[in-house]
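Biologist: I would like to learn how to read a sheet and a helix. Please take me through one example.

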Amino acid sequence: MIDTEIGVVLNNKMILIENDTIKKIADNIEIPKNALVIDLSNATVLPGLIDCHTHLTFQSGDNYYEMFRKSIVDYAVLAPSYAKNTLGAGFTSVRDVGAESFLDVALKKAIDDGKISGPRMQTATYYISSTGGHGDLVGFSPRLSFNNGPKEMTGIADGVDDVRQKVRYLIKHGAGVIKFGASAGVLSEEESVGAPQYSQEEMNAIVSEAKMWGRKTCAHAHGAKAINMAIKSGVASVEHGSFVDDEGIALMRKNGTYLVADIYVDDYILAEYGKLGFPEDIINKEKIVGLIQRQNFQKAHKAGVKIAFGSDAGVYPHGWNGKQFYHMVKWGMTPMQAIQSATINASDLMGWEDKVGSIAVGKYADIIAVVGNPIDDIKLLENVQFVMKGGEVFKNLIEK
Ligand code: ARG
């Protein structure tokens, strides 16, 4: 059993679960009458994994044109399968950082009500973006613009008052976390990948407004300047963080800001997105970002920046989340640190440290297992064989 709080592997543990909660962990527990015994003694048992950067309500990694042909109803039909694939991969919680039409809130509700299977979700609802920003639709005729529809059904907001109003509106409709675009992005057609897309005042307003309503904020940011502005505004995490510089690293250390760097997805984008019809400009942007992001991830980790696992699932097929572990280890983490980034660190970032992130008394019985030891072979986490969420077995390929 991996103790993610201390970072050690413990042998011969028994875990007593009552309803959805862990009641006791010990070398030997007297098995209560009528208890269901699950024998995972030939496997390594870990707390359910957590991905802090998913988009469970879409899958752009299918086809570029499909994204524009599909209606929100199409995605509503597909989202439960994305949620199911994520849970099946051993990810029992996610922070979902950008969705349209409050589909994430509906998905979360269906999961929480037990109507469909999926991970626990912290929902951002709309990605808050400036006009022309990464969360807008750029590169098309003005006839095809989010701005033509009702403003409520977009994440677009400009100016201090407008961004405050947007934060309030999103929280009113179910945002458990606030996400905004501090910089330009890769998978969108603005010229830059990294230029700031909000002023310092706007970023400060988003973060302070969210805080007033008890929400943490995360910022999409590739460029160094935007990263540093976002950190100064007080975000809990910087997403992507590709061009983080020494100042950014120092600021993150000082403020305790998490880095959530999606360092698997470059492989998928470069291998597949050409075939999937993505414009060359977008693929060229990925070529600018991919390697430097991994190098800077390593640098930031080495310097002691806190890391939480986030993969941008949806940009690649849902359920492949575990592929990122290999890259985190390749770029400087120990296997235990990579596992901690997806458990104890992720729960801390989400403010869910009392509920998930470790196998501990009082926490949800979110437990996964793999045959073999992921500390010796991190790739084992690409094929999780046992998944329990809240005491309910979702998948068990270990016990025959
Ligand atoms: N959603 C992100 C963006 O469009 C994806 C970046 C993927 N590339 C990467 N190297 N992490 O900006």
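Biologist: Which residue in β8 is the bridge partner of D96?

Modeller: First, the ground rules. This is a predicted model, where local features need pLDDT of at least 70 and side-chain atom pairs count only at pLDDT 80 or more, while totals for chains, interfaces and linings use all residues. Residues are numbered from 1 along each chain as its sequence is written, and side-chain values use heavy atoms, with hydrogens and water left out. Strands of a sheet pair through backbone hydrogen bonds, either parallel or antiparallel. Strands here are DSSP runs of E, at least two residues, and helices are runs of H or I, at least four, numbered from the N terminus. Two strands pair if DSSP finds at least two bridges between them. The partner of D96 is T123 in β8. Strand β7 (residues 91-96) runs parallel to β8, and four bridges join them.

Biologist: In what order do the three strands of the open sheet come?

Modeller: The order is β6-β7-β8, with parallel pairing. β6 (49-54) and β8 (120-123) are at the edges with a single partner strand each, so one side of each has no neighbour in the sheet.

Biologist: Which residues of α5 are buried?

Modeller: Buried means under 20% relative accessible area, exposed over 50%, partly exposed in between (1.4 Å probe, protein chains only). In α5 the buried residues are E202, M203, A205, I206, V207, E209 and A210. Their cover includes α4 (160-172) and β10 (217-221); contact means heavy atoms within 4.5 Å. Just after α5, G214 has a positive phi of about 80°.
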